[in-house]
Amino acid sequence: MILMNPVLGVCGCICSECDLFNNDCKGCHAVEGVACWLHDVGLDVCDFYACCKKDKHLQHCGECQEIPCSKFWANKNPEWTKEEHQQIVQDRVDLLRGLINEG
């Protein structure tokens with residue numbers, strides 16, 4: 001299913017494509033970075049959200065001069081290959097930079 005208006009996280013994740021969306025989570029903006037999966041990684045607030053919204057007061061990481069920062073490289077799903085992770089980071093960066101170009 002392709003959504004016409006996907007819900008994006010600050011990091012470029014497409015929240016509305018997640019199985020937890022609308023059940024346990026409404027996306028990082030709606031839950032102010034306190035996603036339901038944080039307990040799995042030992043965080044109280046998503047590190048992307050804290051940096052982007054709380055520290056830098058940006059709408060998303062695409063507005064940051066440091067994109068892709070070390071958070072993008074450190075937050076790798078262990079099931080992904082290095083190449084898959086690199087492509088996912090690039091896709092997120094492209095998506096977020098595209099939001100800047102649309103505005």
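View 1. Lys56 is partly exposed, at a relative accessible area of 31% (buried is under 20%, exposed over 50% and partly exposed in between, with a 1.4 Å probe and protein chains only). The model is predicted: local features need pLDDT of at least 70 and side-chain atom pairs 80 or more, while totals for chains, interfaces and linings use all residues. Residues are numbered from 1 along each chain as its sequence is written, and side-chain values use heavy atoms, without hydrogens and water. The side chain of Lys56 forms a salt bridge with that of Glu66, at 3.1 Å from N to O (a side-chain nitrogen of Lys or Arg within 4 Å of a carboxyl oxygen of Asp or Glu). Both residues lie in the loop between helix 2 and helix 3, so the pair ties together parts 10 residues apart in sequence. The count by this rule is one salt bridge.

**View 2. Helix 2 and its buried residues.** Phe48, Tyr49, Cys51 and Cys52 of helix 2 are buried (helices are DSSP runs of H or I with at least four residues, numbered from the N terminus). Helix 3 is included in what covers them. After helix 2 comes His57, with a positive phi near 55°.

**View 3. The largest nonpolar core.** This core has 18 residues, and Val10, Phe48, Cys61, Ile67 and Phe72 have the most contacts inside it (a core is a set of buried Ala, Val, Leu, Ile, Met, Phe, Trp, Tyr and Cys residues joined through side-chain atoms within 4.5 Å). Helix 2 (47-55) and helix 4 (82-102) are the elements that give two or more residues to it. Leaving aside neighbours within four places in sequence, Phe48 is in contact with residues including Val10, Lys71 and Asn75 (contact means heavy atoms within 4.5 Å).

**View 4. Phe72 in helix 3.** Phe72 lies in helix 3 and counts as buried at 3% relative accessibility. Not counting residues up to four places away in sequence, Phe72 touches Cys11, Phe48, Cys61, Ile67, His85, Val89, Arg92 and Leu96. Between the C-alpha atoms of Phe72 and Glu102, 30 residues apart along the chain, the separation is 23 Å.

**View 5. Lining of the largest pocket.** Of the 32 lining residues, Cys11, Cys13, Trp37, Asn75 and Arg92 are the closest to the centre of the largest pocket. Helix 4 gives the most to this lining, with four residues. Helix 1 (38-41), helix 2, helix 3 (70-74) and helix 4 each supply at least two residues.

Terms used:
On a 1 Å grid over the protein atoms alone, a cavity is a set of points where a 1.4 Å probe fits but cannot get out, and a pocket is an open set with protein on both sides within 12 Å along at least five of seven lines; lining residues have an atom within 4 Å of a point.
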